[in-house]
Amino acid sequence: MAFIRKRRLERELYSKERFSLLLLNLEEYYFEQHTANHIINKGCRDERKFRGSLKICSKSIIFEPDDNIQPIIKIPLRDCINIKAPEDNEANNRFTRDTAGGISVVCNQAFLIKERNIIAPYKTVRGRTEHFFQLDVAGKLGDVVQTLHQLYRASCLDKMGDQAAMITAILQSRLARTSFDKNRFQSISETLHMECKAEMVTPLVTNPGHVCVTDANLYFQPLNGYPKPVVQITLQNVRRIYKRRHGLMPLGLEVFCTENDLCSDIYLKFYNYQDRDELYFLIATYIENHITEHTAESYMLQWQRGHISNYQYLLHLNNLADRSCNDLSQYPVFPWIIADYSSSVLDLTKPETFRDLSKPVGALNKERLDRLLTRYQEMPEPKFMYGSHYSSPGYVLFYLVRVAPEYMLCLQNGKFDHADRMFNSLAETWKNCLDGATDFKELIPEFYENDSSFLVNSLKLDLGKRQGGKMVEDVELPPWASGPDDFLQKSREALESQYVSEHLHEWIDIIFGYKQKGSEAVAAHNVFHPLTYEGGVDLNSIMDPNEKVALLTQILEFGQTPKQLFTIPHPRRIIPKLKSLSRTSSHNVSITESPVSPNEESFEDLTEESITLAWNNIAKLKLDEQYKIHKQAITGIAVTCNGSSVFTTSQDSTLKMFSKESKTIQRSVSFSNMALSSCLILPGDTTVISSSWDNHIYFYSVAFGRQQDILMGHDDAVSKICWHDGRLYSASWDSTVKVWQCVPGETLSNKKHHFELLAELEHDVSVNTIDLNAANTTLASGTKEGTISVWDVATATVLHQLPCHSGTVFDAAFSPDSRHLLSAGQDCCFKVIDVQTGMLISSVMADEPQRCFKWDGNTILSGSQSGELLIWDLLGGKVIERIKGHTGAVMSMWMNEQCSSVITGGEDKQIMFWKLQY
């Protein structure tokens, strides 16, 4: 659990200190500290002296006694009546000489914190009181008093904007007078690349200082030296880096040294976006050769295919949508999954066990929604349906108060919430989210992790007494949970259940997707206050500093909507036949096979197993034989059912029949003097069809060894042909794909084929390649300008059209399950499209164009421009094997049904036979 784990680490590192930045007010800075004595009742008979540390902060004075029994004292500057040092003549007086270096602070209010080192609501001491602080280093007295006077004047200003402006000026002046201490470099040989001012962000607080980047490390040196003099991150350890929105401004940068952790190693906020972008560029340039940058689409592909769990996918989406555990106004958001908190047994096979994931929380109760819609319709612009958000700092700490009580005290000015409003019971909280007039909150990741401490009051906090007289202790769990750990275990099982896997995309549409904004959001009853959305307000356009501070405070406390990641419907997860989502405690849950007894296995199952085995071992592909059989590049390969004869077409205008057995060319036919572009063999192995650059399609009779027919179907070169069930699909540079019904002539007579044009799929530019899905219901086409189109074959209408590549689409093919379409282009990119939604979900860059390929949905075998065969892990976006092949581009590729045998044709005029060697 990221948040809790980080809190524990902080407690271990700084266990001797009771002070933390959480003792400051929101938007307050800690400037400096001085060793000092706190003298109470100075000059009186009952004078007492406590040794400790005096902290100078932008809105308060804090004294932390060394004795843990004594409380920390916080004096708000706005409540001070007088701050002064003894006059010189008084300091020289023999009766007051022992108080030299002292500061007298007279106030009418102070707060006592952590008395006896117990975390509890702050105690307020009201009435005129004098506090005397004697500094160990008397020479610093003048500077300290001057600073306090400046900050006191700022606190006395009427308007918050004016206060913030004056404090900012003081802060910037301090930063300008200091710089990063180069003696803190790990090595004297390090080269400095950049230094600038920034703030380190942790939940609810920021800490100003200096950022420094060298050729080996990223450093942050806090201005105040807290919690340690320097934070250092080795660039070699960096795995992810993200630009962030912080305070509605594009000024944040978050750096991770882990692949999947929710919490980062450092979160920085800069004073201008130029510094942020320069630092991002320096680090990203350094790590680009070490890691692969993931997009929402690439994670989507992994999730769809079961390579990452629902939990992991939601974590990645939150990360990409600017959600961070360092920013409570943008904390990661997870859905309520379970709707049953009363049964003794949790039945994950019943749909009614689950919450309706197609609706936001506010729309789950129809009666409440009707009331909200009535108000919405009567509301003037800008309209919104919900007066509170589904994620805010208050909601996050509502759930986490038992493990992060100091954060709650910080957010709520030293107080816990009323006992009856605390997180007391799962059932109560869920009921309030369904029925409450202003409660629409979702959950946080901790509900689906493995640390249950946030459900238990292990710190023995006094969180108050409820109306019935019951003290607030542990969270009350539903009957079906035997304990906190069991509750989390069952929650994880629910999140990874088949029902959720089938419906999670609906919730993603609402939170991160196309139903987040605009008319779709209105239709989905998913409209929040406009200020919560990215771009809802431009702070730079607001000139009035008071208005700006008020707006920023309002939005940070209210919560923010995640950055929109998808603008079209999110694809469903693929739930394979005979497979189900395993319900384990691991977050590495993936789709695994259900047990099938041997006698239940069908021939198809065995074939599928052999195909899976082949693709798992595709890197063991070895060259078996190679033959130079053409005079120019080979453009097409077709093989008879028994594998004995191989037909090839070439730019040398010939169709050749090669005998695998005798290793000789048995036929060579030239239909014209123009190049042939592709070929296929019809069922029964009696007819081979070839497409030509002369605008024609040729039918060749294998039995009679002659041209049997010719189809003059296009006005420019025919680039690719496909066949299914008596229909021929032809792509051409004349910007069309044509669908023909072919009635073959009788082989023993002179009757010709009869061709009937069934459909013409028009494009704007030349079509270079086509492919049919397994059911032959959908056709994909790729053009010379990089556009991919997906067509409904039955109606001859375009379903999706995407500008995928810059330059020619060389090859395109559906995955075996027809869910995805992969294309390779002149721009050296592979692109993956979700066929159902038309969403571009992955892009993988190669170092050269890939001319042709075969794939199983996860792994790609491609033929490159240079002649190599490359094996790609598509989900990881990387090459896992390179196999030396042709001396020139691989122009065509054939693979048998079992995926164990491959034939490639190259620009070098050769065909190569490849076999898997297990």
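**Labels and their grounds**

Guide: The link of cysteine 263 and cysteine 325 is right-handed, with 115 degrees about the S-S bond. Keep in mind that this is a predicted model.

Visitor: What makes the pair of cysteine 263 and cysteine 325 a disulfide?
Guide: The S to S distance between cysteine 263 and cysteine 325 is 2.1 Å. The cut-off is within 2.5 Å, so the pair counts as a disulfide. By this rule the count comes to one disulfide.

Visitor: How do you know that the pair links distant parts of the chain?
Guide: Cysteine 263 and cysteine 325 are 62 residues apart. Cysteine 263 sits in the loop between strand 13 (249-256) and strand 14 (266-270). Cysteine 325 sits in the loop between helix 7 and helix 8 (366-378).

Visitor: What is the phi of aspartate 322?
Guide: Aspartate 322 has a positive phi, about 75 degrees, although it is not a glycine. Aspartate 322 is in the loop between helix 7 and helix 8.

Visitor: What is the omega of the peptide bond that joins tyrosine 226 and proline 227?
Guide: Omega is about 0 degrees, and the bond is cis. Proline 227 lies in the loop between strand 10 (217-222) and strand 11 (231-234).

Visitor: Where is proline 382?
Guide: Proline 382 is in the loop between helix 8 and helix 9 (393-400). The peptide bond from glutamate 381 to proline 382 is cis, with omega near -5 degrees.

Visitor: How many cavities of 30 Å³ or more does the structure hold?
Guide: It holds six. The largest cavity has about 70 Å³ of space.

Visitor: How do the residues lining the largest cavity divide into nonpolar, polar and charged?
Guide: Nine are nonpolar, one is polar and none is charged. Among the lining residues are Trp336, Ile337, Leu426, Phe447 and Ser491.

Notes: Residues numbered from 1 in each chain as written. Predicted model: local features only at pLDDT ≥ 70, side-chain atom pairs only at ≥ 80, totals over all residues. Heavy atoms only, no water. 1 Å grid on protein atoms, 1.4 Å probe; cavity = no way out; pocket = protein on both sides within 12 Å on 5 of 7 lines; lining within 4 Å. Points joined across faces, edges and corners; volume = space filled by probe spheres on them. Nonpolar A, V, L, I, M, F, W, Y, C, P; charged D, E, K, R; others polar. Helix = DSSP H or I, 4+ residues; strand = E, 2+ residues; numbered from the N terminus.
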